[in-house]
Amino acid sequence: MGIIAWILIGLLAGAIAKALMPGKDPGGCLITMLIGIVGGLLGGWLGKVIFGVESINGFFSLSTWIAAVVGSVIVLILYRMVSGRRG
């Protein structure tokens, strides 16, 4: 159930990451949602590997949301770097 919860959190975290880092992104809403899902999973994995915490402490836990948003911001930065070189 942890991965499904991270996907749901990731959808919202992608929107939050986009709001924190405004700018023109190729793609649109669908790409932002995918970035959020990947970022949420990345944040959960990094939290588990680096800090040794459970992958999800609870849907309403602040640490869960921080991990998902940080992961989404990392993925968004990487996406902008890669897509910026192509265009």
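In this predicted model, helix α2 is followed by G52, a residue whose phi is positive, near 70 degrees. Helix α2 itself covers residues 29-51, and because its 23 residues should span 33 Å at 1.5 Å a residue, the distance of 31 Å between its end C-alpha atoms agrees with that expectation. The buried residues of this helix are T32, I35, G36, G39, G40, G43, G44 and G47.

Of its 87 residues, 33% count as buried, and the chain exposes about 5500 Å², of which carbon and sulfur atoms supply 76%. Where contacts link residues at least 6 apart in sequence, 83% of them join residues that are at least 24 apart.

The largest nonpolar core consists of 11 residues, namely I9, A13, A17, M21, I35, W65, A68, V69, V73, V75 and L76. At least two residues of this core are supplied by each of α1 (2-20) and α3 (62-86), and the largest share, 6 residues, comes from α3. I35, listed among the buried residues of α2, is also a member of this core. For A17, another core member, the contacts that remain once neighbours within four places in sequence are left aside are those with V69, S72, V73 and L76; of these partners, V69, V73 and L76 are likewise listed in the core.

Key:
Residues are numbered from 1 along each chain as its sequence is written. This is a predicted model: local features need pLDDT of at least 70, side-chain atom pairs count only at pLDDT 80 or more; totals for chains, interfaces and linings use all residues. Side-chain values use heavy atoms; hydrogens and water are left out. Buried means under 20% relative accessible area, exposed over 50%, partly exposed in between (1.4 Å probe, protein chains only). Contact means heavy atoms within 4.5 Å. Accessible areas come from the Shrake-Rupley method with a 1.4 Å probe; for residues, only the protein chains shown count as cover. A nonpolar core is a set of buried Ala, Val, Leu, Ile, Met, Phe, Trp, Tyr and Cys residues joined through side-chain atoms within 4.5 Å. Helices (H or I, at least four residues) and strands (E, at least two) are DSSP runs, numbered from the N terminus. The expected span of a helix is 1.5 Å times one less than its number of residues.
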